[in-house]
Amino acid sequence: MSLLKVKDLSLSFGGVKALDDISLDLNRGEILGLIGPNGAGKTTLFNVITGVLRPDSGTVRFRKRSLNGLRPHRRAQLGIARTFQNLQLFGSMTVLENVKVPLDALGRRNLFFDALGLPYAVHAERAAESRARAVLHFLELLPFADILAADLPVGIQRRVEIARALAMRPRLLLLDEPAAGLDATETAHLAELLQAVRERFQVSMLLVDHDMSLVMRACDYLYVLDFGKLLARGRPAEIRDDPKVLEAYLGMASPRLRGEVGGGPKEEAAPLLEVTGLAAGYGPIEVVRNVNLQVRRGEVVACVGANGAGKTTTLRALSGVIRARRGRVRFDGQDITHAGPDSIVRRGLIHIPQGRGLFPKLTVEETLRLASYSGEAVKSLDPAFDVFPRLAERRRQVVGTLSGGEQQMVALARALLVRPQLLLIDEMSQGLAPTLVQQLFETIAVFRERGIAVLLVEQFVDSALEVADHGYVFEQGTVAHEASAAELRADRSLIESSYLGRDAEAKVVPIPLNGHARRDTGQMEEFLLTLPADLLRALQERADEQGRPASDLARELLEARGQ
Amino acid sequence: MSRPVTRPLRNLALAAAAFLVLGWAPNLFHLPLDLQFDAALAVIYAFAILSLVLLTGYVGQVSLCQATFLGIGAYTAAWLFNVFHAPYLLAMAGAVALSFLLGIVVGIPALRLRGIMLAVVTLGVALVFDRYFFADHAFDWFTGGSAGWRVDGTVIARIPMDWIGHALNVYRFGLLLLLIVAVLVVNVHDSGSGRRFRAIRDSELAAATMGVDLTRYKLLAFGLAAAIAGLGGSLFPLAAGQVSPQPFNVFYSLQFAAFAVLMGVRYVPAAAIGGFFGAFVPTLLGRWHPWHLEIRYDWFQVALGALLVAQLIAAPDGVWGDLRQRVAHLLRRRAKPKVAIA
């Protein structure tokens, strides 16, 4: 039986199916990877397994025992530990104290002994201390033991989260994006670390990450989720070549546009936006570093790359929503690196964020009339209604009741009325049906005709590159490649590496066939095989012939089948 | 790793020293009678603030009804003493037990609510007790009616403890209890239980996932905080000789929260400082006549508000927290990472 068995799990949030009939098996000693685009339901699945969320239907079994209805701390006591995507360390405690928390929580100490400082409590404290230090030592965290967790850089904080989870001596460790905010070398180090942790702590893992170089290296087996559904499963190498997975990640089936919209690049024009060495992030996390890019007047530029590669953060830094930490941003000949968002808007740089940034209670007409970033009233709404006739029909409707696509139209129409010099659009097509996406991309051409430059961040890579003149491929917080859109369209390998980590040599761990080199039996699943007598006889005969145990032979045969 | 062993001993020694110094300091100053009463009141206030150190400082739960628990403690002790003629120490124990149970009841909403919503609920509890329970005739059996209870001639361990001529005895007795409870609360901070409490404050989600039973520890924190306040409240009849609803109204609850935040809600010593500050400063201000001006009590509240604003800007960790940090900085005791960050 498997260590963790998830069966037919479903969970909806207000009509949206976050998990749709998910089943998953995790075997003892396995590092199982869970991948999928944003919103695929990975973190939701974690929350259901740890008991933070209650599923609508389906079961979770752990070590042959149903977890349904158990509260989170009970599941922790059974041996399920986790780390968090958005770090959840106890910030006001030292690293050592952080690691001690699960140790006390699982112990039998009580407040009475603690308050009186009785010998029993002192003894338990010493035991917790030495165990915590042992865990910290293994993760090379001892030098930080007495530092407040909140004061550490993200790379270290992520390791402290793993240490804290391991201090529980869990059977199963759930890792939620442990590589987020790490650079390439740190990620490579993490992959090795996870392997070492598995051997040392005899723990099985379920790993969620966008960083394919980590997932490909660390995991034995992968499950791919998309829109709450199980899309594919298999070994890392198989998944990498699975067309369905490529489609989910790259939007290969993104709608074809009618005719070629992208014109020739206008090389002669001076750059409207010039970004050099930009770095930005949130709190202790530096999400992007050393970003260099340019947008010329009237040019359409696409930023593509995996989730978490830093595209959105870059846009936010450009429009002044978050502060740039290093580097320079020049717009229209002026330095706007440290300008506030309002003054940047007045200079003609407009940002349509993911989620569109509309006022849900206003009508379409009111929204468009408000479109006066410069302070002047909008004279006529006709230019907007010419491009989006559908909005003319809905002019009296409240924006919040429009469909997602119509809302995106309102956001674009509003930008069109203001006539900015540069428009930043973040994930225009997110959550929209393909036909609508096609329509929206066509309006990008209208912007170009009117001399408005556009910087797009897009999941539908192909559509974006078709409409764009130039493209930047983001990888791990910085620009990995830059080329004309035509070149990027021609050479897909440049893009795919960002999404699926093809550059990173996937480590193939050969499974040794002569028993003892294998991990110890505590880390193995028992599996009862029912064979017809003739097959069993054949197996035994062959084993006798070769003078080897039948189990070795069976493994060899299965292994050959797998390759 | 000798730290965990010596800490409790060190705390005990510090508490003993504080008892000797603070306990007999009033004799040096020949305090007049009204200030003797204030000294006892300071200890009672310190209990209320100490309860907030545990509840808010450690566990991160807001409560705006700690004066109500003082009142529960005071009324229960006076009721047991007057109606059942219980020895006063036993009456105090009863007061602590009842406060603990009520605290757990008040803590139940905290399992679902946090922040401002929890503050509103506890404020509601304070108002209900303030305007209804302590004031309505339906509860005369418990509150002693509009005249309240009188508590006279109490003797604890053969030492006279009452408001007539023995206020300093009450003060010392209260101080002794306060220091004992304070040592216990400090011990909890560095222990496994304390870490569980603080884990809840920093991240409930992570705490639960690390095996901390949120329900149990939150309710425990509310119960213990109420018990501490109740213990302080049970000293009130000794110091004042009578019990009436006024000293336990909702404004005192708000003031205790203000004192706690001002002095540093995460630190036990801040409770004592806050208690003395809250009891003595208004009285002393009332005696001070700069340029023949009359300083009224309202001015104290205005000044308190201004101080709070100043503190939140200049020393967000409270007066004691700020002081601590400055001293630590001077001594350069803050550990620095010894290796480069890998």
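Mentor: Gladly; keep in mind that the model is predicted. Let us begin with the open sheet of six strands in chain A, whose order is β6-β7-β8-β3-β9-β10, with mixed pairing.

Trainee: What makes β6 and β10 of chain A the edge strands?

Mentor: β6 (80–82) and β10 (229–234) of chain A each pair on one side only. From one strand to the next, the twist averages 20°.

Trainee: How do you know that β3 and β9 of chain A pair?

Mentor: Pairing takes at least two bridges. Strand β3 (residues 31–35) and strand β9 (residues 221–226) of chain A have four bridges, in the parallel sense, so they count as a pair. In β9(A), L222(A) is the bridge partner of G33(A).

Trainee: Which order do the strands of the open four-stranded sheet follow?

Mentor: In chain A that order is β2-β1-β4-β5, and the pairing is antiparallel. Its edge strands are β2 (16–26) and β5 (65–66) of chain A.

Trainee: What makes β1 and β4 of chain A a pair?

Mentor: The cut-off is again at least two bridges. Five bridges join β1 (residues 4–13) to β4 (residues 57–62) of chain A, so the two strands pair. S10(A) has S57(A) in β4(A) as its bridge partner.

Trainee: Where does helix α1 of chain A lie?

Mentor: Helix α1 (residues 42–49) lies across β1, β2 and β4 of chain A, at about 65° to β2(A).

Trainee: How many residues of chain B are in contact with chain A?

Mentor: 33 residues of chain B are in contact with 42 residues of chain A. On the chain B side, α8(B) gives the most, with eight residues.

Definitions and conventions: Residues are numbered from 1 along each chain as its sequence is written. Chains are lettered from A and ligands numbered from 1 in the order in which they are written. This is a predicted model: local features need pLDDT of at least 70, side-chain atom pairs count only at pLDDT 80 or more; totals for chains, interfaces and linings use all residues. Two residues are in contact if their C-beta atoms, placed from the backbone, lie within 7 Å. Axes are lines fitted to C-alpha atoms, for helices over the stretch in contact, and angles run from 0 to 180 degrees between N-to-C directions.
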